[in-house]
Amino acid sequence: MKAKIGVSWSLLHLINRNHPIDKMISLKKIRKAYRTDFTTLEVLKGIDLEIASGEFVSIMGSSGSGKSTLLNVLGLLDDFDSGAYHLNGESMKNLSAKEGAHFRNRLIGFGFQSFNLLSFKTADENVALPLYYQRVDRNERQKKAREYLERVGLLDWADHLPTQLSGGQQQRVAIARALITQPKIILADEPTGALDSKTSDEVMGLFQDVNDEGITVVLVTHENDIAERTKRTILLKDGLIEGDQMHMSTAKLSINV
Amino acid sequence: MFDYDKWQEIFASIQRHKLRTTLTALGVFWGIFMLVLLLGAGNGLRNGVEYEFQDDALNSIWIRRGVTSMEYQGLPEGRPISFDNEDYDLLIDHFDGIEHATGRFYLRGDQLLVYKDKELSFPTRGVHPGHQQVEKSIIIRGRYINQRDLDEYRKVAVIGKEVAASVFGNENPIGKELKIGGIIYTVVGEYYEEGNPNEMRIVYLPISTVQRVYAGTKTLHQLMITTGDMPLEEMKALEKEIKMAMAARHQFALADPRAIWMSNMGVQFQEYQNFFRAIRIFVWFVGIGSIIAGVIGVSNIMLIVVKDRTREIGVRKALGATPRDFIAMIFQEAIVITGLAGCGGLAAGVGVLAIISDLEVQYFRNPEINIWVGLAATLVLILAGALAGLLPARQAARIHPVVAMKAD
């Protein structure tokens, strides 16, 4: 029998220990520094983090705390210097460019603050793009793109260019694009950073829906109200995890009872 | 397999940067266009020269009369030198290696030819039988002037194809009587010559007849010989020996450059060939320079394309594009630009050559190019353009997605 129950932070730990949930992300002693000719800036100073499959996690921290760098490392958009990173059970150490591309395409969906839609492609072409790199047939890609645009309520805007869409609509197109490959995890860097509060609310609703389907969602935000809508918040400070907290109001976990 | 998306992206990229792409393509277009034009012009010059030489034997030496420009053994300068039959005999009797020889006697002005009710004027010359080989005349009907014609002072004529057509129309001229300069001759031959058609607008008569009938002298205006398969160096030596003999006979200084004029066709042809070889090298040098400029243009533009599209490349990488995808994309764009512009340049160059191919100027004729050379040059340009695209493409492939996405 499957039931959804509210659990406390300590109970969660207990469950974690006694009922191992699939680890989607496992970071051990992850370090990352940016080097110039004169200086070395250590951004991640040994991050240990585990995120289970199906979690809805926000990463918070002040500017320069390393939250975006952490998300980039998680999304294989940036390398890490040392430590171990396992994504969906596979090691992400020393990946070739091709392997990195493969994992990004198959496992990860991205959301960006500035949406990062290609300006010369229509909404449905933007959504279909990740499938192009999976060599999916053109007609099939277009069909699926429209399906996902319908999911985010933008089917009528399929033939529009990004410049013809509002910020909220663009972010929804970006989310449809992130979902079209049916990824295991969605990573979003300040997805509501460029949106007003009403539109932010709609976008967070979409992320909630995605998470409800069992997809792990990790987002970086500096807004408390956005973080509160996730189930777990990780607080970074100076490249280290300073806090890791479940939100009681929303902490729901699917477990087998 | 036809990848619609890739082509769509290439044309979208080209369309987004119309001016930039047009200027780049123009560089490539111009490179091939100029190469084709220069090669065509080079060939036109070569063809023109070959055409001019076509109607004369390349193994011939031509000797013309001149006026002395130096004093010689008490004789003043400014003495005109004239040839006569003894000069011809001198050539025949005293030199080895002469295959054919002829003198020429020019009748002043064109002679009036009268046949039935037709009256037309053509240049008329008296010649020896060896003239046929010197001028490379091909007999198409009847025969050429022979020794018996000379010995018996026959009134026979050999006429050029153009003369035959103008005077006799469709009639066979052989055996017909033709009044030339008021004297009746029998047409015994009709000839054809490659090269300049004016060479077929001449009437040839036995030189002995001409000397006796029109001038009453033994004068010759010009002497020509052919040397068989004599090597060029031996031809030069023979030329020198003839000049020495002529200098002794006509009493002029061997160093006098104007007493007689000698043209060695073999040497001249070789000089022209060397000259045009140099022109061809120059043409290739300039042409390849133009192509290199075009390739540098493409390479430059591809670098800018990569820089301009850095953010887009970052996004695509985040979405799963592999390095190969970028290399293929940038590579293909470079090939499309160079390919279209190169083929355009080739077509335009060939078109211009076709337009000017009818141009008839001395030493310029039929400015053609070997289409395979043109295609090969275009192909080289496309490959070079592709390679020019490879460098920025590889650079694009190396950009880290997170760095790329932060680009402006």
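This is a predicted model: local features need pLDDT of at least 70, side-chain atom pairs count only at pLDDT 80 or more; totals for chains, interfaces and linings use all residues.
**View 1. Helices α9 and α11 of chain B cross at roughly 140°.** The axes of α9(B), residues 265-308, and α11(B), residues 323-356, come within 11 Å. At this angle α9(B) is oblique to α11(B), because angles over 145 degrees are needed to count as roughly antiparallel. The crossing of the two helices, α9(B) and α11(B), is right-handed. From α9(B), the contact involves V298(B), M302(B), V305(B) and V306(B). From α11(B), I330(B), E333(B), A334(B), I337(B) and T338(B) take part. By type, the residues of this contact are 7 nonpolar, 1 polar and 1 charged.

**View 2. S65(A) is a buried loop residue of chain A.** The loop holding S65(A) runs between β4 (56-61) and α2 (67-74). S65(A) has a relative accessible area of 1%, and it counts as buried because this is under 20%. A polar atom of the S65(A) side chain lies 2.7 Å from the backbone oxygen of S62(A). Beyond neighbours within four places in sequence, S65(A) is in contact with V43(A), L236(A), K237(A), D238(A) and G239(A).

View 3. E239(B) has a relative accessibility of 18% and so counts as buried. Not counting residues up to four places away in sequence, E239(B) touches I61(B), M262(B) and N264(B). For E239(B) and M262(B), 23 residues apart in sequence, the C-alpha to C-alpha distance is 7.7 Å.

Note on methods
Residues are numbered from 1 along each chain as its sequence is written. Chains are lettered from A and ligands numbered from 1 in the order in which they are written. Side-chain values use heavy atoms; hydrogens and water are left out. Axes are lines fitted to C-alpha atoms, for helices over the stretch in contact, and angles run from 0 to 180 degrees between N-to-C directions. Helices (H or I, at least four residues) and strands (E, at least two) are DSSP runs, numbered from the N terminus. Angles under 35 degrees count as roughly parallel, over 145 as roughly antiparallel, 65 to 115 as roughly perpendicular and the rest as oblique. A crossing is left-handed if the near helix is turned anticlockwise from the far one by less than a right angle, and right-handed if clockwise. Contact means heavy atoms within 4.5 Å. Ala, Val, Leu, Ile, Met, Phe, Trp, Tyr, Cys and Pro count as nonpolar, Asp, Glu, Lys and Arg as charged, and the others, Gly among them, as polar. Buried means under 20% relative accessible area, exposed over 50%, partly exposed in between (1.4 Å probe, protein chains only). A polar contact is a pair of N or O atoms within 3.5 Å; within protein, one must be able to donate a hydrogen and the other to accept it, and residues adjacent in sequence count only if both atoms are side-chain atoms.
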